[in-house]
Amino acid sequence: MMDSFGRSTSSEGPGMRGTVKGHLLASQDLLVESLYNLAPLLDRVLACGLLSQDNYYEVKAETTPPNRARKLLEVLQAQMDEAGASCFLECLRRCKQHYPRLRSWLSQDAAIQRGPTEQQLQAQLSVLCARLGHAVLPVSLALFSGGKLTQYELERVQAAPTLYQQAHALLTTCLSKGECACRAFYSALDSEDQNLAHDIRSSLPAGLPEGLPDLSVESESDEQSFPIAVEETSTAAAEAHTQSGVLQEVLSLLGAVSGEARLNVCELGVVLGLPRWSVRGALLEEVGVGDGDQLQALVDLFLQKTQDAPLLLSRVRQCNVQRAQLSERGCLLLKLLQEADALLHRRHFLQAGSQDGVEQHRETLETIFSFLLWDCVAQTLEVPAYESGRSVLAYVAELRGSEAVDDALLQELEECWRDGGAEALRQAVRVLAQILRDLHPLRDSLHLSAPGGGTYTCHSRRLHRVTRFQGLPARVIRKAGGGNALSLSTATSEQDAPSLARPYPELCLRVARMLELVCPAAGDVTGPRDSAEVTTVAQRLKVTLSQAAFDAEVFDAGMKHRVLALLEYGPARLAKPPLMQLHLHTLSALEPYLQQGEHHSFRFVLECVQMLGGTQLSYAERTRGPVAIDNGMEEVYYFVTSEPASFLVRVCCHGYARECRFEVRKPQCVRLTQHDWANLEGAQGHEEHVVLAEEGGSVWVRERVVGWLDNLQANAHRGDSPLHDQGCSFKVTSHGSECKVKFIYKNGRISASAFTNCEVL
């Protein structure tokens, strides 16, 4: 067997072939390289009693991750028997989300000798799927009450649309858990339907090992390994029913549709009061991309932590669901990603060792991933690099330069893609889905970093590029774009490639006409100006976009990048309905962008928020602007805090005036110690400055008169008193947990005023 890096993992020595310890020994190079963070595995192994405290500290004492992995494997080979090694491998399976490189290896364990009950269940899989019928749910509940199935696994069985599919989901789950779970299944089946269990035992296929254990419920070994009680089963059934009812009510309250992807469920979990890291971990643990699966995982997590369904429902009713909703483009991008997810869940991917199936559709998967990452680059980077035919990993590397994308998600995406196995690619879908959700909120919200000393650094989840572009009259743009809008239904009513390709030339032609309003195509463009022939329009668009009028300081580089995607990813390369919907969305977004407006050449930027008095900042967003009024520019921001609070907001603005770029952070604010301020305050005119806040031995002071700060710096330098630049800061005191603040730029300086429910200094 070869791993995804081309190394052999099946070189067992004499006497070791087919054993778990032999399998681990043969794969040591891969394990040492892949177990780069041992903490999750060590915690689970220690909890299972496989390591002594001395062994644990021996492993932790090693100074590098490879040495720690080698020490752990050395202990495994020296001290554990075959049963212990099997238990270790099960611990590794339970931690597989932390080790993307091992997902394919963990699923390719055919060389390991399976227990006799595993072999029996594998051999009888098709018979049991056909005959289990209505017994599948009682058996599932019995396994759940005995701890052999998790709540999520039980819900997944119950959610399957047919009895056959429910049985298949249950049996494959038992097989993935090993010998003990398989024995528990047969015991539960005996308890539920002894006649069916007897028929199944009598139909045992030839070729299985002799002397399979008696799996009747009276067997002593089974009574010890899996006690089943009617009361426990009834309780589990009631709990499962209650939890399912809570999920349905949550779906109803949010207006969510199970198969669609329109919510950032991780953000919703934060709104409901859960830690972001906890919610994200649950959603990336083999949970589907659709809202239904994600909400089910969130409900399970909330109830697991609180055991309080009324509290959950109360918080869902009270929350502002728009904070978790996605933009139209975000929904379309996830819809395209679901095409990749569906491909990875087809039959040949689900079969063990189906690497050939993966390779068969690798090109389609890579095209979908590369387009989605192309769009992520357009969404996040100030000036995206354009290079045709780049790989998925090249896009991931480029995205590492953006603070808008979580580096841990990019790392996991890279690991999964390098692995290349079916399970790793399914995990890559989950990770990319979370990246897309984070980048495409419906509201213009800010990403808030974890507070350090009460300070939250901020950046907008939407990148607002500032350029010298002035815009065009709306009537001129509408005329160039054509009278009748291209219908989305035209592009999605048929699934075949010719139908999808039909509106594509006209779409490209309309985009070309609009862009030529900015700057007509120069050079030799063959073919008539109104030709909708694809190659002619593509050449025309490329010539137009190559001109200086579309350079990054003049024209939005993200919009340009998305227009180039129209040429790079046509229906001839990827015939998927969501792709055409995304191209049509690019056209619909181009028209308002080209119109005249303040959004081209001005933007406020919130740099950070310093909370005072130990309160917390929960949320911030831009709700209005920029708006040009009274010879100035205005924007309104909305803040949500844990309680009525005082906080300092540091803000700047940048833009273009008469073709020249400017950036303003005036009036300026500094922070210094209370001791230093006491020494300097006497030399300062009271009308020349304003003290914003005093806390924790520090004072924040802002200038009122131009030149005051220069005088303060000179006095501070003579007295060796350090001043810490705080940019342009304002103090906000809210009257409740929500407030709005208006920021104004006028005559080269910034000011702020209360908009709702606060006071501003």
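The legends below describe close-up views of one predicted protein model, beginning with the whole chain and moving on to single elements.

Residues are numbered from 1 along each chain as its sequence is written, and side-chain values use heavy atoms, with hydrogens and water left out.

**View 1. The protein chain as a whole holds 36 helices and 15 strands.** Helices (H or I, at least four residues) and strands (E, at least two) are DSSP runs, numbered from the N terminus. Of the 761 residues in the protein chain, 52% are buried, where buried means under 20% relative accessible area, exposed means over 50%, and partly exposed lies in between (1.4 Å probe, protein chains only). Among contacts between residues at least 6 apart in sequence, 71% join residues at least 24 apart, a contact being heavy atoms within 4.5 Å.

**View 2. Leu-125 lies in helix 9 (residues 125-131).** With a relative accessibility of 15%, Leu-125 counts as buried. When residues up to four places away in sequence are not counted, Leu-125 touches Leu-171 and Leu-175. Leu-125 and Ala-167 are separated by 42 residues in sequence, and their C-alpha atoms are 9.2 Å apart in space.

**View 3. Helix 21 (residues 328-344) packs against helix 34 (residues 577-594) at an angle of about 160°, with the axes 8 Å apart.** That angle makes helix 21 roughly antiparallel to helix 34. Axes are lines fitted to C-alpha atoms, for helices over the stretch in contact, and angles run from 0 to 180 degrees between N-to-C directions; angles under 35 degrees count as roughly parallel, over 145 as roughly antiparallel, 65 to 115 as roughly perpendicular and the rest as oblique. Helix 21 passes helix 34 in a left-handed crossing, a term used if the near helix is turned anticlockwise from the far one by less than a right angle, with right-handed used if clockwise. On the side of helix 21 the contact includes Leu-332, Leu-333 and Leu-336, and on the side of helix 34 it includes Pro-577, Leu-582 and His-585. The residues of this contact divide into 7 nonpolar, 3 polar and 4 charged, where Ala, Val, Leu, Ile, Met, Phe, Trp, Tyr, Cys and Pro count as nonpolar, Asp, Glu, Lys and Arg as charged, and the others, Gly among them, as polar.

**View 4. Helix 31 (residues 504-518) also meets helix 34, the axes coming within 11 Å and crossing at roughly 20°.** Helix 31 and helix 34 are therefore roughly parallel to each other, and their crossing is left-handed. Among the residues that meet here are Tyr-504, Val-511 and Met-514 in helix 31, and Met-580, Leu-587 and Glu-591 in helix 34. The contact of helix 31 with helix 34 divides into 11 nonpolar, 1 polar and 2 charged residues.

**View 5. Strand 6 (residues 646-657) has 9 of its 12 residues buried, so it is largely enclosed by the rest of the structure.** Two strands pair if DSSP finds at least two bridges between them. Strand 6 runs antiparallel to strand 3 (residues 602-612), to which 10 bridges join it, and here Val-605 has Cys-652 as its bridge partner. Strand 7 (residues 660-664) is antiparallel to strand 6 and joined to it by 5 bridges, with Cys-653 partnered by Val-664. In the hairpin of strand 6 and strand 7, which has 2 residues between the strands, Arg-658 takes a positive phi near 50°.

**View 6. Strand 12 (residues 728-734) is joined to strand 6 by 6 bridges in an antiparallel arrangement.** Phe-647 stands opposite Val-732, and Ser-646 stands opposite Thr-733. Strand 12 is largely enclosed by the rest of the structure, because 5 of its 7 residues are buried. A further 3 bridges join strand 12 to strand 15 (residues 758-760), again antiparallel, and Thr-733 has Glu-759 as its bridge partner there.

View 7. Strand 8 (residues 669-673) and strand 10 (residues 698-703) run antiparallel and are joined by 5 bridges, with Thr-673 partnered by Ser-698.

Definitions and conventions: This is a predicted model: local features need pLDDT of at least 70, side-chain atom pairs count only at pLDDT 80 or more; totals for chains, interfaces and linings use all residues.
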